[in-house]
Amino acid sequence: MEHITQERLKYLMRYEDGKLYWVHPTAKWMKEGAEAGFIMNMGYRIACVDGRQIMLHRLVFLYHHGYTPEIVDHIDGDILNNRIENLRPATRSQNNINARTRKDNKSGQKGVRWREDQQKWQASITVNKKKHHLGYYTAFEDAKNAYLIAAQQLHGEFATTRGKDIK
């Protein structure tokens, strides 16, 4: 992990409702009782602990479980929701499965794209780095549902149902 123990972390900070607060600040500019960390340009909250910058969700997980897995996944996809109930251990693959819909996704739904040559919506899903075709659909909702059903079957609890409906 980040070379900090659960014992040390609990000495330095206290947890409350997804946030960590300084009990024993490690630098002069930190204030006792203040919320730990700041939001970096990538959107994650980072805290400086013993001279190291550590993502807050990793600290919250360590605080509660005593270890830090390779990846700490935000169940709801909100990278600032660091409530312990929203955090779970994951592999890189599982974390990617639960990722938000990409900004360059024109349909607004993961696994669904418009195929101009077919004049239909195409649904597909990737499993173990292999893309699987789920079919072509006249209606967007049918393609979306095909993806969501496959995602639930193949990805289980990591399947994301997030996505924005197109207008």
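User: How many bridges join strand β4 to strand β5?
Analyst: Ground rules first: this is a predicted model, where local features need pLDDT of at least 70, side-chain atom pairs count only at pLDDT 80 or more, and totals for chains, interfaces and linings use all residues. Residues are numbered from 1 along each chain as its sequence is written, and side-chain values use heavy atoms, with hydrogens and water left out. Strands are DSSP runs of E with at least two residues and helices are runs of H or I with at least four, numbered from the N terminus; two strands pair if DSSP finds at least two bridges between them. β4 (residues 45-49) and β5 (residues 52-55) run antiparallel, and the number of bridges joining them is 4.

User: And which residue in β5 does A47 stand opposite?
Analyst: Look along the two strands for facing residues. C48 stands opposite Q53. For A47, the residue across in β5 is I54.

User: What angle does helix α2 make with β5?
Analyst: Start with the sheet: it is open, has 3 strands in the order β3-β4-β5 and pairs antiparallel. β3 (38-39) and β5 are its edge strands, each pairing on one side only. α2 (residues 56-65) packs on this sheet and touches β4 and β5, where touching means heavy atoms within 4.5 Å. With axes as lines fitted to C-alpha atoms (for helices over the stretch in contact) and angles from 0 to 180 degrees between N-to-C directions, α2 and β5 make about 80°.

User: What is the bridge partner of Y15 in β2?
Analyst: β1 and β2 (residues 19-22) run antiparallel and are joined by 4 bridges. Their hairpin has 2 residues between the strands, and D17 has a positive phi near 50° there. Back on Y15, its bridge partner is L20.

User: Which strands does helix α4 lie across?
Analyst: There's an open sheet of 3 strands, paired antiparallel in the order β8-β9-β10. Its edges are β8 (112-115) and β10 (130-137), each pairing on one side only, and neighbouring strands are turned by 30° against each other on average, direction ignored. α4 (residues 140-155) runs at about 10° to β9 and lies across β8, β9 and β10.

User: Which strand gives the most to the lining of the largest pocket?
Analyst: A pocket here is an open set of points on a 1 Å grid over the protein atoms alone, where a 1.4 Å probe fits and protein lies on both sides within 12 Å along at least five of seven lines; lining residues have an atom within 4 Å of a point. The largest has 24 lining residues, with K110, G111, I125, T126 and Y147 nearest its centre. Elements giving two or more residues are α3 (92-97), β8, β9 and α4. With 5 residues, the top contributor is β9.

User: What volume does the largest pocket have?
Analyst: Grid points are joined across faces, edges and corners, and the volume is the space filled by probe spheres set on the points. For the largest pocket that comes to about 680 Å³.

User: Is N86 buried or exposed?
Analyst: N86 is in the loop between β6 (71-74) and β7 (87-90). Skipping residues up to four places away in sequence, N86 touches D73, H74, I75, D76, D78 and N81. Its relative accessible area is 7%, so N86 is buried.

User: What is the relative accessibility of Q119?
Analyst: Q119 is found in the loop between β8 and β9, and its phi is positive, near 55°. Q119 counts as partly exposed because its relative accessibility is 45%.

Definitions and conventions. Buried < 20%, exposed > 50% of the residue type's maximum accessible area, 1.4 Å probe, protein only.
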